[in-house]
Protein chains: 2
Amino acid sequence: MILTVTPNTALDLTYRVRSLRPHTSHRVSEVVERPGGKGVNVARVLAALGHPVTVTGFAGGRTGRAIQERLTAVPGVVDALVPCAGASRRTVAVVDGTTGDTTQLNEPGPVVSPAEWSAFQEAYEGLLGSASAVALCGSLPPGVPVGAYAGLVRSARAAGVPVLLDTAGEPLRRGVAARPDIVKPNAEELAELTGSHEPLRATQDARRRGARAVVASLGAQGLLAVTPEGRWRAAPPARVHGNPTGAGDSAVAGLLSGLVENLPWPDRLARAAALSAATVRAPAAGEFDFVAYEELRPRITVTAEATAA
Amino acid sequence: MILTVTPNTALDLTYRVRSLRPHTSHRVSEVVERPGGKGVNVARVLAALGHPVTVTGFAGGRTGRAIQERLTAVPGVVDALVPCAGASRRTVAVVDGTTGDTTQLNEPGPVVSPAEWSAFQEAYEGLLGSASAVALCGSLPPGVPVGAYAGLVRSARAAGVPVLLDTAGEPLRRGVAARPDIVKPNAEELAELTGSHEPLRATQDARRRGARAVVASLGAQGLLAVTPEGRWRAAPPARVHGNPTGAGDSAVAGLLSGLVENLPWPDRLARAAALSAATVRAPAAGEFDFVAYEELRPRITVTAEATAA
């Protein structure tokens, strides 16, 4: 199985309102609830691709139970979330029915105690034993040490399990130094890590910091990969319109599934870019449209990139 | 005991953000959860005033259980909420930490079936037997007939229990016609009911529609009451600054407690106006500041009003 780690799982609420106007009162016309957090989104896409997947991280309180209840309803997904005393967070995405724009409100998440973090590490090391690959995804809840992902990367490497890291800020900086197989920053995370806004230069710099491969997700510009086997850019033939929520998580699922299937890098990237575009195009935020995926997959162009000067 | 009815109970979430900017992502720095819905707020104030109070209405799903858990933690409040299959709603108040302004998002609430509505009516009629007064508060969840409050007013009158109605729109229009003892519209609800934006004229008109007494809450202008015993205006000496959330619910608690204590109308109004102002002044939205109440109570001026031309 593929293991995805989401330390800060969430119950994602989507609220549709007629038009969001600050400092007024709104009647929510439609409420959608689904289990979330980046690793949970990755797991859902992996399961849809036919890969058995196990989800770990923390779940606590009433919201944690709601996340677990909904997670176990997804075929192909095994719930291995570790309990914590604090309540798991909610996120609220307010969709403006007039403009289609989304305003996001993210609760911080439960405070995780040192004992809970130790219990998680033990569970994680146990799960690595049967994992073909692992993805470490998203923000860390309060209380989890900032070097947490670096430790989880080292455990995976010690267990011989390929590891992908998708996070931001200091946890990314420290995690990269622990030499993960793949990191997948977006443009903003990459610029924050390297100080450079020039994507190819920044991607190469991120790789020099310790990652074996770096795949940067650059929104409408597609994916830019710098790997030991070469450098490529993968993008759909034309700009895809829709909601980018979850597009990066779908790209992670494409990269991981391609890794465990031993696909060549260009094929992994084409799959990741197609899943990402199919997620942007899906009617519901964070879902991906399988028909759109199959239609987009052969139309992704993967081109070799020269080294930055 | 005093009975408060909240057909559409809520779990009220307050989110503090640095600054609300539509179409961007926000980190919520503080989350406060409390049981809500107008009748629940009224009950909390009545309990703080030392009146035993029973809360009924609907509670369903995980959110309903969260509401009940928090409600039973309030001393003096008895939970008599009736179960429903749908999940109770959440409301989210987003407080902008820079301006202090609040943006409100209200979920619609559970769909109540005809069988659930019948079960509620039966429970309500049983509770009336030991009630000294009843308050019918807030919006109706989907599925509850628009004439629901009119029926509940008639049942209370048949049982000889004084009944106060605090709602809006068509449920208010029909409820008033069933001759409740008191209605407490705000300026907007009053204008919608009567078509008049002139408060005294509109208040008198609302009374002619069937209410024995009408107490209009006019924000900074205080309360305007038209009763069989006379007409009064009750207001604090100066404008009170703060958050008006829950001020109307505190006024209802003042009116009801004054009614069961057989206070003369001017004393009821002074108490209601002071509770209302003390709620505006409280640091937490919807709470009331008891010290502020005691300080404001003797400073409320109650003046007799002449009849509108």
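Notes on the two-chain model

1. A term to settle first: two strands count as paired if DSSP finds at least two bridges between them. Helices (H or I, at least four residues) and strands (E, at least two) are DSSP runs, numbered from the N terminus. Please keep in mind that this is a predicted model, in which local features need pLDDT of at least 70, side-chain atom pairs count only at pLDDT 80 or more, and totals for chains, interfaces and linings use all residues. Residues are numbered from 1 along each chain as its sequence is written, while chains are lettered from A and ligands numbered from 1 in the order in which they are written.

2. The same surface serves both copies, since 100% of the contact residues of chain A recur in chain B; here residues are in contact if their C-beta atoms, placed from the backbone, lie within 7 Å.

3. On the interface: 23 residues of chain A are in contact with 23 residues of chain B. On the chain A side, at least two residues each come from S2, strand S3 (25–27), H2, S8 and S9. S9(A) gives the largest share, five residues. By class, this side of chain A holds eleven nonpolar, eight polar and four charged residues. (Ala, Val, Leu, Ile, Met, Phe, Trp, Tyr, Cys and Pro count as nonpolar, Asp, Glu, Lys and Arg as charged, and the others, Gly among them, as polar.)

4. Five strands make up an open sheet of mixed pairing, in the order S4(A)-S2(A)-S8(A)-S9(A)-S3(B). Strand S4 (30–36) of chain A and strand S3 (25–27) of chain B stand at the edges with a single partner strand each, so one side of each has no neighbour in the sheet. Ignoring direction, neighbouring strands of this sheet are turned by 20° against each other on average; axes are lines fitted to C-alpha atoms, for helices over the stretch in contact, and angles run from 0 to 180 degrees between N-to-C directions.

5. Where does S3(B) join this sheet? Strand S9 (residues 102–106) of chain A is linked to S3(B) by three bridges, and the two run parallel. Within that pairing, A:Leu105 has B:His26 as its bridge partner, and A:Asn106 has B:Arg27. Helix H2 (residues 61–71) of chain A lies across strand S2 (10–17), S4 and strand S8 (89–96) of chain A, at about 85° to S4(A).

6. A second open sheet of five strands, also of mixed pairing, has the order S3(A)-S9(B)-S8(B)-S2(B)-S4(B). Its edges are S3 of chain A and strand S4 (30–36) of chain B; each has a single partner strand, so one side of each is left without a neighbour in the sheet. From one strand to the next the twist averages 20°. Inside this sheet, strand S2 (residues 10–17) of chain B runs parallel to strand S8 (residues 89–96) of chain B, joined by eight bridges. One of the pairs is B:Tyr15 with its bridge partner B:Val94 in S8(B). Helix H2 (residues 61–71) of chain B packs on this sheet, touching S2, S4 and S8 of chain B, and makes about 85° with S4(B).

7. Now a helix pair in chain A. Helix H3 (residues 114–128) and helix H4 (residues 148–158) of chain A pack at an angle of about 30°, their axes 10 Å apart. H3(A) and H4(A) are therefore roughly parallel (angles under 35 degrees count as roughly parallel, over 145 as roughly antiparallel, 65 to 115 as roughly perpendicular and the rest as oblique). Their crossing is right-handed; a crossing is left-handed if the near helix is turned anticlockwise from the far one by less than a right angle, and right-handed if clockwise. A:Tyr124, A:Glu125 and A:Leu128 of H3(A) make the contact with A:Leu152, A:Ser155 and A:Ala156 of H4(A).

8. Finally, a pair in chain B. Helix H8 (residues 247–260) and helix H9 (residues 265–281) of chain B pack at about 150°, with their axes 7 Å apart. H8(B) and H9(B) are therefore roughly antiparallel to each other, and their crossing is right-handed. Residues of H8(B) in this contact include B:Gly254 and B:Gly258, and those of H9(B) include B:Ala272 and B:Leu275. By class, the contact of H8(B) with H9(B) has eight nonpolar, five polar and three charged residues.

Methods:
Two residues are in contact if their C-beta atoms, placed from the backbone, lie within 7 Å.
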